[in-house]
Amino acid sequence: IKQKKRQMGDTKHFCPVSLKENFVLYPGLQEHAAKYKEKIYYFSTSEYRDEFLKNPEEYVAHNEPLQAPPLRVFLLGVHGAGKTTCARELTDKLGIFHIQFQEYLQELILPKTKRKVGPSFDEDHEDDNKILEKLEDFSQTITITETEKTKQEVELTDEERAIKANLMGNAELPPEVLDKIVPDWWKKEPFRSTGFILDGFPRTLDEANYLSERGLCPDVAIYIQVEEGDILNRLFPPRLKKWKEKQLKKKEYKKKLKELKAKIRV
């Protein structure tokens with residue numbers, strides 16, 4: 001017996017309530033299905049199904065098709081895979097935002113830290129401080145030094161301390177901190193209407209579970225896989241250049257220190 005073809009609703013296999021309330025294409029489940037005007041609708045939760053049935057007309061198309069949300073892309077891969085480079089090119093072509101997660105975190109605490117934090121940034125800053133301290137030991141004209149200013153304790157909030165710990169040692173951000181950062185990219189303008197490429201998040205299973213639990217779904221998740229040799233060839237030259245510049249800087253400071261010592265002896 002030939003069965004009648006099932007007619008899907010306006011949102012096909014996506015939840016119409018998630019689309020209306022959160023502007024997200026969230027896959028519906030067959031166990032949470034409902035029929036309205038001879039069409040089948042799938043919902044992400046039974047609560048959303050019940051909400052739909054209270055007022056179906058609010059969630060279906062009328063004179064015009066339902067508006068689909070903008071493109072939201074996750075760009076994943078190991079450090080040095082080229083995520084940021086690819087993201088910049090894609091955002092230029094697609095006209096959407098590029099969110100580099102680590103850089104975004106840096107901007108959140110920069111007003112208090114006054115500089116970027118992290119192993120590579122701290123190493124450079126520490127070397128500069130050591131050299132400055134040597135210079136200051138031989139100069140009596142400096143009363144309040146820049147080094148002393150940077151040593152002063154900066155009062156950070158619990159949220160800012162968690163962000164700093166993440167940047168310093170990859171400590172995972174707790175859900176209550178992520179709640180103040182991540183959902184805005186789905187729910188607030190201009191990201192809500194324009195879309196984005198999120199570069200460098202999620203990095204762990206817990207972070208992926210966080211997104212799933214909050215219903216923050218990407219349209220596409222891209223993982224860039226690169227051979228180790230290619231990453232080495234890409235990262236080593238700039239690291240070597242940075243090391244040479246640091247050595248040159250140390251040499252110049254030593255020269256200044258020697259000149260200052262000679263002046264003081266005279």
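This is a predicted model: local features need pLDDT of at least 70, side-chain atom pairs count only at pLDDT 80 or more; totals for chains, interfaces and linings use all residues.

Colleague: Is Glu-38 buried or exposed?

Modeller: Glu-38 is exposed, because its relative accessible area is 54%. Lys-35 is exposed too, with a relative accessible area of 54%.

Colleague: How many salt bridges does the structure hold?

Modeller: Ten. Among them is the one between Lys-188 and Asp-184, at 3.9 Å from N to O.

Colleague: And which residues are linked in a network of salt bridges?

Modeller: Asp-179, Glu-213 and Arg-214. Within it, the side chains of Arg-214 and Glu-213 meet at 3.7 Å, N to O. Glu-213 is exposed at 62% relative accessibility, while Arg-214 is partly exposed at 34%.

Colleague: Switching topic: which residues form the nonpolar patch on the surface?

Modeller: Leu-71, Leu-90, Leu-94, Val-220 and Ile-222, with about 340 Å² of accessible area together. Helix α3 and strand β6 each supply at least two of the patch residues.

Colleague: Where does Leu-90 sit?

Modeller: In helix α3. Leu-90 counts as partly exposed, because its relative accessibility is 30%.

Colleague: Now the largest pocket: what volume does it have?

Modeller: About 1500 Å³. It is lined by 44 residues, and His-79, Gln-100, Gln-102, Ser-120 and Arg-239 lie nearest its centre.

Colleague: Which element gives the largest share of that lining?

Modeller: That's α12, with nine residues. By class, the lining has 14 nonpolar, 16 polar and 14 charged residues.

Note on methods. Residues are numbered from 1 along each chain as its sequence is written. Side-chain values use heavy atoms; hydrogens and water are left out. Patches are made of residues with over 30% relative accessible area and no salt bridge: like charges are joined within 9 Å, nonpolar side chains (Val, Leu, Ile, Met, Phe, Trp, Tyr) within 5 Å. Accessible areas come from the Shrake-Rupley method with a 1.4 Å probe; for residues, only the protein chains shown count as cover. A salt bridge is a side-chain nitrogen of Lys or Arg within 4 Å of a carboxyl oxygen of Asp or Glu. Helices (H or I, at least four residues) and strands (E, at least two) are DSSP runs, numbered from the N terminus. Buried means under 20% relative accessible area, exposed over 50%, partly exposed in between (1.4 Å probe, protein chains only). On a 1 Å grid over the protein atoms alone, a cavity is a set of points where a 1.4 Å probe fits but cannot get out, and a pocket is an open set with protein on both sides within 12 Å along at least five of seven lines; lining residues have an atom within 4 Å of a point. Grid points are joined across faces, edges and corners, and a volume is the space filled by probe spheres set on the points. Ala, Val, Leu, Ile, Met, Phe, Trp, Tyr, Cys and Pro count as nonpolar, Asp, Glu, Lys and Arg as charged, and the others, Gly among them, as polar.
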